Every structure is written in structure tokens, then in C-alpha cells.
Amino acid sequence: MTHTPAANAPIPTTEPPALEVRNLFKFFGRRAGEAVSRLRAGATRDELAGLGTAAVIDADFDVRRGEIFVVMGLSGSGKSTLIRTLNGLLEPTSGTITVAGERISGISPKRLRDVRRRRISMVFQHFALLPHRTVLDNAAYALEVQGVPLAERTERARTVLERVGLAGWEDKLPDELSGGMKQRVGLARALAADTDILLMDEAFSALDPLIRREMQEQLIELQQELGKTIVFITHDLNEAMFLGDRIAVMRDGRIVQLGTAEEILTDPADDYVAQFVQDVDRARVLTASNVVEQARAVMSASAGPRAALRIMRDLQTSVVYVVGGGRRLLGVVRDRDVLKLVRNGVTTLDSAIGDDHPVVGPDELLSDLLGTSVESDLPIAVVDDQQRLLGVVPRVTLLAALGNVSTDTGGQPVIELPHTTIPMDVFTETLHSTADGDAESSAGHEASVTVPATGAAELDEADATSERSHA
Ligand SMILES: Nc1ncnc2c1ncn2[C@@H]1O[C@H](COP(=O)(O)OP(=O)(O)OP(=O)(O)O)[C@@H](O)[C@H]1O
Ligand SMILES: [Mg+2]
């Protein structure tokens, strides 16, 4: 049997993951083998303190091709040790590491160097630039070590320097650059090597906050453009959440949770993780897709004005979302306009469909939704890249998500749309007085409803108001 993968599902591939880490232990100290046996049997880091430090305990995960995999944890939790084993700078005490299908644990130093050169580059926290070399020579350094001819390495270094925004700075010395620019050189040097995998250990931690955010944004751009696999270490939670496709949270040498930012935020594995994430800036982590609710007042355009009116009456809303084929969002219709259509015997909705409703994509950050939300009385419609309606984000949901408050209403749907101000009787009467033998008129139980004078008056008043506001 075949199936069609979702639009954004990874293309099925037989290629191995970028990195495979299996039962990895790193113990610094005496009798390391014995220490690992005891860790396997359940000993804690503290119990082995007499022998040394269990820096990484039973790490087991894959890093997928093209993802930004963040390792996060407090100081001393084992992040740097883990990343150093990934590129073979440290030999595991036990366990294996495989890079793009090639095992790098237990191989000869020469083969290891070869795999590293072809597969892995590293960006360091303190830039590690050569002070007496120009920006260009620093960027070309890895290529020089590889013996790439001068003309070619100069060309490649120029290209990556331009890519990281340093065109024109090629002949400067590192001392002439700001911190952010130095790290751009560090990044350019890693990119020039053209490896699939970038390892970044606290690479942005020495930068001040504005520059740091700029670098984070650029890294995401680069990643999307170049498709690199990035392992990024940080102890900054907001950075982890902003960058990470997935995040591994380390505590005392163990990975205590591995998941997306949303999973970690909304379902922390234990109290340690929960405490860790309580201060996170949710507005910059959660996206529309994390808080979207099912839209209830939705109809197909082909169902026509009477169907719209019935939905408004049944849900007591003043607005209904109208979708076309494939659930593509066409717009919204409002109660007054629909009433007019029905009264005038118009059978298509087209002329009443408006587009004055807020719409966002599923990846929009909640911080960007706030402004949108206050500009409209309607919830924010969430559509995919083919304009298909995924659902809505009512303002209460948005505010609750930002405040980390549950919106679980015990099965009661959240009231998502403005309440209609037109009396129910007016809807019902209009449907009956214009009935043409459809289901509504044969329903029977409402057949005797008469027009309440106040309702009609209010409707006229409403019409007059809307007329005035159009004038
Ligand atoms: N070469 C070493 N020899 C002995 N102990 C080490 C060595 N490297 C790291 N450690 C110890 O292993 C533990 C994990 O250190 P690691 O540097 O991996 O932590 P980290 O999470 O990167 O911390 P930070 O956020 O401070 O960089 C620490 O207790 C550290 O002292
Ligand atoms: Mg470290």
C-alpha cells in the first residue's frame, strides 16, 4: 500500500542520520570501565565521585540530517564533553558514535582526522581566530590545512564571508572587529570547509543580546539555505527554544528529555525540566500551530446564505468562516450581510464574503500574533501555505498560552467569535419567511415563530448603521 506523505514530511531516504549516538558514556577518572558498569547498574554520578566524574551517562540519540539539534543544561551537566565525543576530540569510555554511517569510535587517528575533515566543522565560544592573520586568511584556514590551492580557497573564503555579511572586511585583522563580527568569521571559517555537520559550543554566548539574536536569526537562515546539520550547545533556554528543531536537556551527565521546544514546554519530563522552562519567553517559542483551536463556525461557500444564517443562529455568532474547495479559506461573512442576502432571495454568498479578518501561517510566533490579535474583534485564522484553514486562535487562547494558563474548558469549546447582537428570533423568522421548502421550513418545531417587532427594528437600525459607516 502506498500513502502520500504530508507536504512538509521529510523525504523518505535510505541515507543514515547525520549522527548516531549509542549508549555513550564518558567517565573522567580512575577505573573508568568499572565506573561505567556501575552506572549501567544504576549508580548515580555522586556515588562514583570518589573515582572521578561521570560527564556523559548513557546518551542515546540520533541527529537527523538538516536539523538544528540543541543540547541544553546547566554548567557541568556534560554538554561540552558530549559534543567533543561527537567529533572525536574525546574517545568515549563506552558506546559508539557514527557520523553519516561511518563509525568514528575506536578507529585509527588517521581515519578519524579524515572523517572530521570531510564531515564536521566546529565553531567555538571564543572565536579561536588567528590574531595575526586577516579575516580572509582566517576564513580560509581550514582549507589551507587541507591543502586546497590558494586561488580556490581565497574564492571560497570570499563567498562565505559575503554570505555572513562581512564583504569588505577581508583584509582586516581580528582585533579590528567587534565580537559579533569575530564570530561571523568563526562561522565563515566553518562554512568554508563545506562539511555537512557544524558543531557549535556556546558559540553565541560571548555576544551581547542584540547581536546574539541577530546571529541566531542568521544561523537559521543559513541552515535553511545550506541544509547543514547543526549541533548547538547552549545554557540559554530562550536560545535553545528559538534555534532548536529538537532539544536535548542534560542534567548531571544524563539526557533527561529530548523533544521539540513545544514538547518540552508543554510536557516537561520532570521537575528539573519544568523549573528550567518556567521562565522561558513563551511568546518567542510557541507558534500559532501550538495553540490553534478547531474553528467551529465554518461553512462551505457552496452551502449559501441560508446555511450561513443557520450556523450563526445555532452558534449565536455574528461571523462565519467561509471555505472553498480543499477547505481553502475564502473569507468571512457577517450576520447583517447574510440576513440581507437571505431577505433579498440571493442564493450565493459571494457578494458578502469579506477579507477583513486576521490570517497567519502556522509557524508565526505568538509574539507576532499579539499585535494582529488586538487589531481585530475576530480570532486569528491559521492557514497553511495553500490557504487551507487549519483553525483559529481566539484572543483568550493566545493570552492563556502566553501566561502558561490552561484553557481546558472541560470539553466546552472556547467561545471563539463575537456574539451576534441580532436577536435569535430574527434569524429564525427570516429563515422561515423566506423558506423554499428546504430542511429548515420542514423542521416544524419553529414553524409558528412570529416576527418580534423589536427584532425587526433593531435589524433596521443595524442596517442603517452599517449604511452610514459605508457612506
Ligand atoms: N578533561 C576533563 N577531566 C576531568 N573532568 C572533566 C574534564 N572535562 C570535563 N570534566 C568534568 O565533566 C563534567 C561535565 O563538564 P562539561 O564541560 O562537559 O560540562 P558543560 O555542560 O559543558 O558545562 P559548561 O556549561 O560550564 O560549559 C564537569 O563536572 C567537568 O568538571
Ligand atoms: Mg561547556
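Let's start inside the fold: strand β6 (residues 120-123) is covered on both faces, with I120 and M122 buried on one side and S121 and V123 buried on the other. Buried here means that 20 or more other C-beta atoms lie within 10 Å of the residue's own; 12 or fewer makes it exposed, anything in between is partly exposed, and the C-beta atoms are placed from the backbone. Side chains in a regular strand alternate between the two faces of the sheet. Strand β6 runs parallel to strand β7 (residues 197-201), and 4 bridges link the pair. Within that pairing, M122 sits opposite L199 of β7.

A word on bookkeeping. This is a predicted model, where local features need pLDDT of at least 70 and side-chain atom pairs count only at pLDDT 80 or more, while totals for chains, interfaces and linings use all residues. Residues are numbered from 1 along each chain as its sequence is written, and chains are lettered from A and ligands numbered from 1 in the order in which they are written. Helices (H or I, at least four residues) and strands (E, at least two) are DSSP runs numbered from the N terminus, and two strands pair if DSSP finds at least two bridges between them.

**The whole chain**

The protein chain holds 19 helices and 16 strands. Of its 471 residues, 36% are buried.

Nonpolar side chains tend to be buried together in soluble globular proteins. Take Y321: beyond its neighbours within four places in sequence, its contacts are A295, A297, V298, L329, V332, A381 and L389.

One open sheet has 4 strands in the order β2-β1-β4-β5, paired antiparallel. β2 (52-63) and β5 (102-103) are the edges, each with a single partner strand, so one side of each has no neighbour in the sheet. Helix α1 (residues 32-40) packs on this sheet and touches β1 (19-29), β2 and β4, its direction making about 120 degrees with that of β1. Angles like this run from 0 to 180 degrees between N-to-C directions, using lines fitted to C-alpha atoms, for helices over the stretch in contact.

The other open sheet has 3 strands, ordered β14-β15-β16, with mixed pairing. Its edge strands, β14 (359-360) and β16 (389-393), each pair on one side only. Helix α15 (residues 366-374) packs on it, touching β14, β15 and β16, at about 130 degrees to the direction of β15.

| Strand pair | Bridges | Opposing residues |
|---|---|---|
| β4 (residues 94-99) and β5 | 2 bridges | T98 and R103 |
| β15 (residues 380-383) and β16 | 4 bridges | A381 and V392 |

**Around ligand 1**

The shell around ligand 1 is made of F28, T53, A55, G73, S75, G76, S77, G78, K79, S80, T81 and H235; a residue gets in if its C-beta atom, placed from the backbone, lies within 6 Å. β2 and α2 (79-86) are the elements that supply two or more residues, and α2 gives the most, with 3 residues.

**A few loops**

Most residues other than glycine have a negative phi. Q316, not a glycine, has a positive phi of about 55 degrees, and lies in the loop between α13 (304-315) and β12 (319-323). R327 is another non-glycine with a positive phi, about 60 degrees, in the loop between β12 and β13 (329-334).

Is Q316 buried or partly exposed? Q316 counts as partly exposed because it has 16 C-beta neighbours inside 10 Å. R327 is partly exposed, with 16 other C-beta atoms within 10 Å.

Lastly, A269 sits in the loop between α10 (261-266) and α11 (271-277). Setting aside residues up to four places away in sequence, A269 touches V256 and Q257. Q257 is 12 residues from A269 along the chain, with 6.1 Å between their C-alpha atoms.

How values were computed
Two residues are in contact if their C-beta atoms, placed from the backbone, lie within 7 Å.
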